[in-house]
Amino acid sequence: MASWSAPSPSLVEYFEGQTSFQCGYCKSNFGSRSHGMWAHSMTVQDYQDLIDRGWRRSGKYVYKPVMNQTCCPQYTIRCHPLQFQPSKSHKKVLKKMLKFLAKGEISKGNCEDEPMDSTMEDAVDGDFALMNKLDIKCDLKTLSSDLKVSIESEEKEKEKSLKKEGSKDLIHPQAIEEKLGSGEPSHSIKVHVGPKPGKGADLSKPPCRKAKEMRKERKRLKLMQQSSAGAFEGFQAQGQPVSLLPKAKSNQPKSLEDLIFESLPEDASHKLEVRLVPASFEDPEFKSSFNQSLSLYTKYQVAIHQDEPDICDKSEFTRFLCNSPLEAEHPANGPECGYGSFHQQYWLDGKIIAVGVIDILPYCVSSVYLYYDPDYSFLSLGVYSALREIAFTRQLHEKTSQLSYYYMGFYIHSCPKMRYKGQYRPSDLLCPETYVWVPIEQCLPSLDNSKYCRFNQDPQAEDEGRSKELDRLRVFHRRSAMPYGVYKNHQEDPSEEAVVLEYANLVGQKCSETMLLFRH
């Protein structure tokens, strides 16, 4: 690969004032309001800094919603892939894909074409419930063999004493659950009933154990394990073989990668291949797959979004999803694929069934758009592709450590169907006033009360990246780059400074100094 050279500076053309148009979410006429600019070219670092101030691109058009005025406020959302754990519903989607690839099985029941049907609250509750179960399972499975013997002997003693008492003092499991659910102390509840045939407690097995007792036992075992681990060096110093130490069994839940890349049988019914292709007509692979990708986009837009075929034609597809202002960069310390805009193509048995359009930036993978074949809606490709992109971000992080976030675009709380992005945890929302990231859990109560919110709880906090020195802003005028301090000396239009100041406040001081603002 040729030595990498620094890219040319970004060149943007800012459109004065605000733009109003019909909202794509609530369908309000002229309710959606935003600022916008045309990016003739843009570095990946400048775009990273812009999306961290609430901007987002559609082709080469870069826009920023007027958050306190637009009908459906759009909050930038990012996920933490390194800490991400797939929820129960996520695992179902991945297993569904594996079953389809391995045996050609098509799941019965309702098919989700987008991950919008389940509410975020249900997903979050499911996540916590699943994690609690896994935590308990891990605690029990990692017990050493010596400790297990101790527990079994205690249970046998209890079983003997229980048999002596007979069926009069049987502990009813359902009553225990009710007691625990009430929040009262978990004392044993004695129900004087005899077991019916096929029902009730089996006296040949250990009795149900109290929750309080189990918690104490787990705590004691954990402390003993820690002391065993601490005694490891002592065992070695005394010349004891390591094999005598208690062995902890590993039963951790499967990782996202384990679930995605689970091996398939040699005679699998289908083959899925994911290809990363630069969004450039100079790339031969992108060029050769263009017509197939275009046909898929048109089919998706007509079937899923009810667009007319003539408004999702070749020119619209090219403008929206192929043309990108981002200049491809391949620095030595960056990912092997480089930075820029890409199409992540999902090939099933030799044909494209889905395409995820993404931007790979210095600190994140930013999702732009997804389109797929409606005939494969039963595979929940919206969820599946998001999970693949999270796994891809983790993969890129291994070589480029600062690349550690997955940006999912905008989170729109006022539109229930757009809340699904909050299911990918942990995640943050961007404060629309101070541009700091706030965990989504802290934002939701405020959003339930008001569609527009300032998430930063410090009333004294300000936008640290705001424009502070307007004269340092860079302008491109008459084929020359110059500081605004020089440019303004040749301007007589009094409204010029107001426009430049508006632009500078929106993009921030850093971008105002690195990007070139085109002025006639």
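The following dialogue walks through selected features of a predicted model.

User: What should I know before reading the numbers?

Analyst: The model is predicted, so local features need pLDDT of at least 70 and side-chain atom pairs count only at pLDDT 80 or more, while totals for chains, interfaces and linings use all residues. Residues are numbered from 1 along each chain as its sequence is written, and side-chain values use heavy atoms, with hydrogens and water left out.

User: How do I read a nonpolar core, and which residues touch the most other members of the largest one?

Analyst: A nonpolar core is a set of buried Ala, Val, Leu, Ile, Met, Phe, Trp, Tyr and Cys residues joined through side-chain atoms within 4.5 Å. Buried means under 20% relative accessible area, exposed over 50%, and partly exposed in between, with a 1.4 Å probe and protein chains only. Here the largest nonpolar core holds 102 residues, and Met-37 and Tyr-371 touch the most other members. Helix 12 (residues 381–399) gives this core its largest share, nine residues. Helices (H or I, at least four residues) and strands (E, at least two) are DSSP runs, numbered from the N terminus. Another core, of nine residues, lies apart from the largest one and includes Cys-71, Cys-72, Ile-412 and Tyr-420.

User: What does Met-37 touch beyond its sequence neighbours?

Analyst: Contact means heavy atoms within 4.5 Å. With neighbours within four places in sequence set aside, the contacts of Met-37 include Val-12, Phe-15, Leu-50, Trp-55, Tyr-61, Tyr-503 and Met-515.

User: Which polar contact does the side chain of Ser-10 make with another side chain?

Analyst: A polar contact is a pair of N or O atoms within 3.5 Å; within protein, one must be able to donate a hydrogen and the other to accept it, and residues adjacent in sequence count only if both atoms are side-chain atoms. The side chain of Ser-10 makes such a contact with the side chain of Asp-46 at 2.6 Å. The Ser-10 side chain also reaches the backbone nitrogen of Thr-43, at 2.9 Å.

User: How are aromatic pairs read, and how many are found?

Analyst: Rings of Phe, Tyr and Trp (its six-membered ring) pair if their centres lie within 6.5 Å; planes under 30 degrees apart count as stacked, over 60 as edge-to-face and the rest as tilted. A search of the whole structure gives 22 aromatic pairs. One of them, Tyr-63 with Phe-410, is edge-to-face, at 6.2 Å centre to centre and 65° between the planes. This pair links Tyr-63 in strand 4 (residues 61–65) to Phe-410 in strand 10 (residues 405–411), 347 residues apart. Tyr-63 counts as buried at 17% relative accessibility, and Phe-410 counts as buried at 5%. Elsewhere, ring pairs link Phe-281, Phe-286, Phe-290, Tyr-297, Phe-317 and Tyr-371 into a cluster.

User: Where does a charge sit over a ring?

Analyst: The test is NZ of Lys or CZ of Arg within 6 Å of the ring centre and within 35 degrees of the ring normal. Arg-78 lies over the face of Tyr-405, at 3.9 Å from the ring centre. Arg-56 lies over the face of Phe-410, at 6.0 Å from the ring centre.

User: How do I read strand pairing, and which strands pair with strand 7?

Analyst: Two strands pair if DSSP finds at least two bridges between them. Strand 7 (residues 340–348) pairs in the antiparallel sense with strand 6 (residues 272–278) over seven bridges, and with strand 8 (residues 351–360), also antiparallel, over nine bridges. Nine of the nine residues of strand 7 are buried. Strands 7 and 8 form a hairpin with two residues between them, and Asp-349 in the turn has a positive phi of about 50°.

User: Where is there a cis peptide bond?

Analyst: A cis peptide bond joins Arg-425 and Pro-426, with omega about -5°. Pro-426 is in the loop between strand 10 and strand 11 (427–430).
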